[in-house]
Amino acid sequence: ENIDIGGPAMIRASAKNSAHVAILSSPSQYPKIMEQMKANNGCTSLAFRRNLAAAAYALTSAYDSSVSQWMATQVTEPPSTKTVAFEVERPLKYGCNPHQLP
């Protein structure tokens with residue numbers, strides 16, 4: 001089994017402490033944190049840290065979902081609950097269908 005528990009635990013711990021810690025869970029976040037730090041004298045705003053925390057929780061949630069799905073294939077009695085993670089392709093306004101403009 002190649003299931004990582006330490007990495008997701010550290011990401012979650014950092015996200016939980018977003019009042020004081022900025023957790024970067026993707027290299028695509030580097031430019032934004034550099035902008036934040038330049039604009040705020042080396043600091044980041046709470047709103048920015050909360051956005052980072054939300055992204056970190058989404059990442060670990062997707063990882064947990066993948067592990068859960070794999071583990072369900074390895075047992076004789078799979079769990080009755082199944083979670084599925086999706087990536088947002090494009091934002092839609094509530095009630096819109098993909099072929100409609102938001």
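Predicted model: local features only at pLDDT ≥ 70, side-chain atom pairs only at ≥ 80, totals over all residues.
Visitor: How many salt bridges does the structure hold?

Guide: A salt bridge is called when a side-chain nitrogen of Lys or Arg lies within 4 Å of a carboxyl oxygen of Asp or Glu. The structure holds one. Its partners are Arg12 and Asp64, with an N to O distance of 2.1 Å. The pair connects distant parts of the chain, 52 residues apart: Arg12 belongs to helix H1 (residues 6-16) and Asp64 to helix H3.

Visitor: Are Arg12 and Asp64 buried, partly exposed or exposed?

Guide: Arg12 has a relative accessible area of 27% and is therefore partly exposed. Asp64, at 35% relative accessibility, is also counted as partly exposed.

Visitor: What lines the largest pocket, and how much space lies in it?

Guide: A pocket is an open set of grid points, and lining residues have an atom within 4 Å of a point. The largest pocket has about 250 Å³ of space. Its lining consists of Ser25, Ser26, Gln29, Ala55, Ala58, Leu59, Ser61, Ala62, Ala85, Phe86 and Glu87.

Visitor: How many of the lining residues are nonpolar, polar and charged?

Guide: The lining divides into six nonpolar residues, four polar and one charged.

Note on methods:
Residues numbered from 1 in each chain as written. Heavy atoms only, no water. 1 Å grid on protein atoms, 1.4 Å probe; cavity = no way out; pocket = protein on both sides within 12 Å on 5 of 7 lines; lining within 4 Å. Points joined across faces, edges and corners; volume = space filled by probe spheres on them. Nonpolar A, V, L, I, M, F, W, Y, C, P; charged D, E, K, R; others polar. Helix = DSSP H or I, 4+ residues; strand = E, 2+ residues; numbered from the N terminus. Buried < 20%, exposed > 50% of the residue type's maximum accessible area, 1.4 Å probe, protein only.
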